[in-house]
Amino acid sequence: MENEVALKQDRRLWRVPTLEEQADTAEKHGVDTLLYCRDRWAVRHWWVHKETGEKQRARCNRWECTYCGPRKVDLWRQLVKQAEPTLFLTLTKAGKTVEEAARALTTFVQALRRGSKGRGPNRVGARPAYPVEYFAVLEEHANFQENGFHWHLLIKGVDHIPYDEVIVPLWTSAVFGKDRQHLRKVYEKDGEEVREERYGWVERIRNQRAIGYVTKYLTKAVGTGRRGVKQVKHKQLQAVLDPIGDGGYEYRARVDEQGDVVTEITEHVKEVVSKAHRVRYSRQFFPESVAEMRKRLFAGLEGASEQGDDKPIEENVEQEEEGSPWQLMEMQEEEVNIEIYEQQRSMQLLSEIDEAGEDDLVKVDQLKREALATVSEEVRELKRDVYRQRKRRRLLEVLEDMNEGRCFLSRRVINIWCYQRQYARRAA
């Protein structure tokens, strides 16, 4: 009887899955995107400490990355928390491009800080100056065609800003212009008075939920088409040309009495894609420089030496700082094998074509092009296999560290990751 009870208990015991089974489950349900950065650059690089030999996994540091994005949001949330903001402000209908929204926010903040003495002897419209410092994140409205972007701001430096008397007229002027006063609409519908709020709201921060509410939008990327364009003036020094002959189709550089070519400065306007950032903050918002706060708060954490925030991936990879004990290392063995395979395979196929002794040169040229195309496809597939192997190896490394307690996941990172995945599904 006792043996039967012991046997039943053994059957009910939880069998710990092997590392390979854990990896299969993570890949099946997409949880691997939470555990490591899947960027091709990141999975083949390591940060190695020059003195201790300690390794840290590299990461791409892009906001839209499902691994790096939540961790960057968590870091910025802690940075903003250190600033201790007092007010939470939302400004709606900022524009249809990031350039328009950034320009409107700059105009609004400048007017808010400057204040006004009013008009006439009675000081009509006078208002005090508000020495605000801010951290702002731009978000797309659900109905973008009608409402465009809106700003979420965390403000410090003041405890109160009158909404109707200050925020509404200043934001109206910044967005629509002083000649069109789009105040809140008040009208009757079915015998009842209806107030249409058009400018968002402002409220005092009483807990950390407002900080979490604003920073969670950091992972929402803005498409290139909605960044907008700006006109940039270019000055260029060029020679003055005079027409030659009656037709005027040929030109010659004008020469002065000393034999020097006469030049002039020409100016032309060119439209370029705006580099306006969707994450903006004033210099005095944080108690110290952001770089120093990162070093102090996140020393020893993975990715503590990250550089920019909204830079492209080529400029946003973690770089070695001068005097840093960390060195960037790259795994080279697979790349060398791929290059050798491509050379040997190309020589093999081309030699087979030459040995065939085909006399038709056109056909020979066609066969060689087909052979090179075949090699290119084989190399692409081989690179895919190497990438899959690297991802699998990186996933097994992370799972092993988690099983042995060397790393863990915070609840904030998991919540942000879930929100980012839900947003990506809705956007798709």
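Student: Hello! How many helices and strands does the chain have?
Tutor: Welcome! The model is predicted, and its secondary structure can be counted along the chain. That count comes to 13 helices and 14 strands.

Student: What share of the residues in the chain is buried?
Tutor: Buried means under 20% relative accessible area. The chain has 428 residues, and the buried share of them is 37%.

Student: Which strand holds Gln236, and is Gln236 buried, partly exposed or exposed?
Tutor: Gln236 sits in strand β9, which covers residues 229-239. Because its relative accessibility is 41%, Gln236 counts as partly exposed.

Student: What distance separates the C-alpha atoms of Gln236 and Thr266?
Tutor: Good one to look up in the structure! Thr266 is among the residues in contact with Gln236, along with Glu264, Ile265 and His268, once neighbours within four places in sequence are left aside. Along the chain, Gln236 and Thr266 are 30 residues apart, yet their C-alpha atoms are separated by 5.3 Å.

Student: Is Asn61 buried or exposed?
Tutor: Asn61 lies in the loop between β2 (55-57) and α4 (68-83). Its phi is near 70 degrees, a positive value in a residue other than glycine. Since its relative accessibility is 0%, Asn61 counts as buried.

Student: And Glu84, is that residue buried or exposed?
Tutor: Glu84 is found in the loop between α4 and β3 (87-95). Its phi is also positive, near 55 degrees. With 61% relative accessibility, Glu84 counts as exposed.

How values were computed: Residues are numbered from 1 along each chain as its sequence is written. This is a predicted model: local features need pLDDT of at least 70, side-chain atom pairs count only at pLDDT 80 or more; totals for chains, interfaces and linings use all residues. Side-chain values use heavy atoms; hydrogens and water are left out. Helices (H or I, at least four residues) and strands (E, at least two) are DSSP runs, numbered from the N terminus. Buried means under 20% relative accessible area, exposed over 50%, partly exposed in between (1.4 Å probe, protein chains only). Contact means heavy atoms within 4.5 Å.
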